[in-house]
Amino acid sequence: MVMANDGSDVVVRCGTGRLSTLTAALGLLAVCPARAQEPSRAPEYRIKAAFLYNFTLYTEWPADSFAKADSPIVLAIAGDDPFGGELDAAVRGKTVRGRAIEVHRYSAASDAVPCHLLFMSNAQARNLPQFLRQIEEPLPLIVGETEDFTRVGGAIRFFVEGNKVRFEVNIDAAARARVKISSKLLSLARIVRDAEDR
Amino acid sequence: MLLILTLLALALSPPGASAFQDPPASASQEPPKPGDLTDLSLEDLMKVEITTAARKEQKLIDTPSAVFVIRPDDIRRSGARSIPEALRMAPGLQVAQLDANKWAISSRGFNGRFANKLLVLMDGRSVYTPIFSGVYWEVQDTFMEDIERIEVIRGPGATMWGANAVNGVINIITKPAADTQGVAASGGVGTDHRDFASARYGGAVGDAVHYRAYAKYQDDVGYDPNFDDWWMTRAGFRADAKPGDNQTITSIGDLYDGRLGERVSIPALTPPFTQVYNQHVPVRGGNLLARWIYKTPEESQVTVQTWYEGYQRIGGILDERRDTIDVSVDHRISPLKGQDIVWGGEFRFTRDNLSSGDPAQTVQFDPLARDAVIGSAFLQDEITLVEERLRVALGCKFEYNTFSRHDHPVEVQPSVRLAWTPDPAHAVWASAGRAVRTPSRGEADARLNVAAFPGPTEVALMHSHDFTSEKLTALELGYRVQPLKELSFDVATFYNLYDDLQTFEPDTPFLETTPGPPHVVLPFTIDNKMAGRSYGFEVSVLGQPLPYWRMQLAYTFLRLNLIPDSSSADPAAENAEHESPGNQVYFRSSWDLPENLQLDVIPRYVGVLGAFDVPAYVELDARLGWRPRPNMEVSLTGQNLIHRRHFEFEPALVFTEATAVERGGFLMVSVNF
């Protein structure tokens, strides 16, 4: 058992000794090669939200889809929102070609148009063929995740491969939405076209 | 100062080459948030992997229990330098500082230095000591910036987590190594936290293995310059390997070494019948954990985990050496649509070696060395009754513990939970459950001398093998609502019925000659002669009225009513009614200011502790952070700014003296690259 005064003296001495050791250790760390900090793992919908943001960067919508030169790009989510707050966080404060990005939510896809990019929940995607028959042009760029999404008229579909998020683009559906998708985006996508029998 | 200069030099050195994207967009003015992916190029975004959770992650709003989650940003902006300090923000918890290095932390009452109705896990490793079933908070620490979240679950969690999860579970979870790549370092100087420094390096071997290692050091002068100083140093690592898409192997380990200053007051058989002295207790320990998670193609998941912990505390009134090894397996499976079953088992072996640390033998264990085991099995089925709307979870845990009474060695802890989510913005949940607090090694085997009087006469608390588990039946009801994207309310209410609570009953006095002088012992033997009920509610509000202004409010209301049996003669049985505050308020206002400044103002109110003569108090922490570069932050934190000194608690039964918590502050620099 250590009594008060000598005990605390010991602690103080220990303390300063260790401090200089640690400072030296920090110095050593400084010569380690610095790595660019990039998260290599993230929640699924944070990744998908970042992709949606990138889609707005690499897609050009027709000028007549905007009321004014600085009208925002409108992203609509139809049905249950799987993103939580991730999509709002991804686009907050960002501008694309001078346009802000807004996120709107609707319970049904039919309420969401006009918009620029329409994300359909899986439940909503089941009614995609009917929806496409009902709405009038101009079509938004329609994004979804169901297995047959791009075969029944959707433009972009997310899928997961090897625990990473991938996407495919139906270039015929994109053409119907009158958008120009940059070759950079297309080079990273799996490209599909409308089936012959459709 | 040298330290700060080093950190500054580190921060100002040019960052390594990083790939820049050139999108046709103007970047945001805000510094990038941690985990922000929108700055990544498309190519890099394609490489990001989806995180997979070990236990099923639920959206907070859907969870059918009273949960509060502390995030890294909350820890950083609150200025917390330790896990106990960070826990002050959680509703429903009682957090009080005893001296510079000791805390009393509990959930929904029964607080104390060895509060025994709370289960605390660090990365899946249980950290309570079987001696008193309490937590040595002063040795639970890690590189603070690597904490991913602290889940604070109030109410019984016994079905999933096991005995001692009576009034709550605190789950401290660190980030996967892949999320902590590169160098991070922080250090500072202050009044109580005189100097501290920590650093971490994270790297990778190919795509499949990520690792990190950290070292941390702190030297606290304490609130009383003579005795409650505190010195700790620790180092640790974590490695995550992915041998395939469907499996993950994780290994985590820590080593620590420190000295805790304290003032001890113990009974003495000669006048003045109390002996008071200061001492430093060396504490040393380490742990190593390995976890394997295997996911089958059918979405079922098997987790096998094992850990070892060894520690020693030599030089207090009790010398303790302990080694514990634990193995657990759990299996999650969805045999049918809408059925989510988790079942598993755990086995723990612990061996201790104890001796009285002082000549007066204030604490005596018999036997001095003992092995104990805990074995348990649990099953929970979560059934979706209405898709996305109504779920019910039924579960039960069976647990054997060496210290449970022999006539019923297996504890049964069932629960039922119901979650109703009428729409994504509202959730109502309810639960009923039973939990037990099993006897500790101390309650089974120890004698504790607590007071001495002229005569000489000594008062001693005696163990008993007839002492049985304390039992709780808990009813809970909660409501969460998010009326706006920027505003959420969470209200949890509870009604707890306790039975077989611990009392100390007067027994037949006897004469004792050793240690001398000869004296009369007035024994009080441990028993279970008390029932009790508690009720209360906790409110948590998170709001963001403006993009640059966030607020957090936590309010805790607690009432405890203890009812000793008519046959009980314990004079102090009902003390616990007044050992936890009836009202507590925590408020944090966080502003993002121009020039990359962040300001947090954090007042808190803690109600009176009638049992200790600790008056109600209001205290205030404040922190100003400045980010001159995206990878560097300089912050100034003030703690307990209102009073020069205030008491927060008093130790009951254990003999260290409380010190007044003092106004203080520190300057800190953090960098990462």
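In this predicted model, B:E512 stands opposite B:H519 in β31(B). The residue B:E512 belongs to the pairing of strand β30 (residues 510–512) of chain B with β31(B), which is antiparallel and has three bridges. A hairpin of six residues connects β30(B) to β31(B).

Strand β31 itself spans residues 519–546 of chain B, and strand β27 (residues 457–462) of chain B runs parallel to it, joined by six bridges. In β31(B), the residue opposite B:V459 is B:L522.

Strand β29 (residues 487–506) of chain B is antiparallel to β31(B), with 17 bridges between them. Here B:T493 faces B:F537 of β31(B) as its opposite residue.

Strand β32 covers residues 549–564 of chain B and pairs with β31(B) in the antiparallel sense through 15 bridges. B:S534 stands opposite B:L560 in β32(B).

| Partner of β31(B) | Sense | Bridges |
|---|---|---|
| β27(B) | parallel | six bridges |
| β29(B) | antiparallel | 17 bridges |
| β30(B) | antiparallel | three bridges |
| β32(B) | antiparallel | 15 bridges |

As for confidence, the model has an ipTM of 0.75 and a pTM of 0.75. The average pLDDT of chain B is 87, and 92% of its residues score at least 70. Among the elements of chain B, the mean pLDDT is lowest for strand β1 (residues 25–26), at 38, and highest for strand β34 (residues 597–606), at 96. The pLDDT is below 50 over residues 1–34 of chain B, a stretch with 54 contacts beyond near neighbours in sequence. Residues 52–57 of chain B also have a pLDDT below 50, with three contacts beyond near neighbours in sequence.

Key: Residues numbered from 1 in each chain as written. Chains lettered and ligands numbered in written order. Predicted model: local features only at pLDDT ≥ 70, side-chain atom pairs only at ≥ 80, totals over all residues. pLDDT = per-residue confidence, 0-100. Helix = DSSP H or I, 4+ residues; strand = E, 2+ residues; numbered from the N terminus. Contact = placed C-beta atoms within 7 Å. Pairing = 2+ DSSP bridges.
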